Amino acid sequence: MLNSLDLEGRPQDTRVVVAMSGGVDSSVTAALLKDEGYDVVGVTLQLLRPWRRDPPQGRLLRRPGHP
């Protein structure tokens, strides 16, 4: 029997990994899957920039030697 994700098994026996962007779409997707009974794991990707320690504040960042 296929579940709502077209995978074999019950939602309660299925772990789903959701890429969390920080937006509404991924959050709602995770919540809907959780409501269906899936074991939901959210993951994010944090990109580090070795030339800067602080996060961007909506401005263009320039590295030495790059216009």
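Here are legends for a few views of this predicted model.

View 1. Of its 67 residues, 15% count as buried. The chain exposes about 5800 Å², and 57% of that comes from carbon and sulfur atoms. As for contacts between residues at least 6 apart in sequence, 39% of them link residues at least 24 apart.

**View 2. S21, in the loop that leads from strand 1 to helix 1.** Here we zoom in on the stretch between strand 1 (15-19) and helix 1, where S21 sits. S21 has a relative accessible area of 63%, so it counts as exposed. A polar atom of the S21 side chain lies 3.2 Å from the backbone nitrogen of G23. Now look for L45: it is 24 residues away from S21 along the chain, yet 8.5 Å separates the two C-alpha atoms.

**View 3. A nonpolar patch on the surface, made by V24, V28 and L32.** Moving on to helix 1, which spans residues 24-35, we find V24. V24 is exposed because its relative accessible area, 61%, is over the 50% cut-off.

Methods: Residues numbered from 1 in each chain as written. Predicted model: local features only at pLDDT ≥ 70, side-chain atom pairs only at ≥ 80, totals over all residues. Heavy atoms only, no water. Patch = residues over 30% accessible without salt bridge, like charges linked within 9 Å, V, L, I, M, F, W, Y side chains within 5 Å. Areas by Shrake-Rupley, 256 points an atom, 1.4 Å probe, with all protein chains shown as cover. Salt bridge = Lys/Arg side-chain N within 4 Å of Asp/Glu carboxyl O. Helix = DSSP H or I, 4+ residues; strand = E, 2+ residues; numbered from the N terminus. Buried < 20%, exposed > 50% of the residue type's maximum accessible area, 1.4 Å probe, protein only. Polar contact = N/O pair within 3.5 Å; in protein donor to acceptor, adjacent residues only side chain to side chain. Contact = heavy atoms within 4.5 Å.
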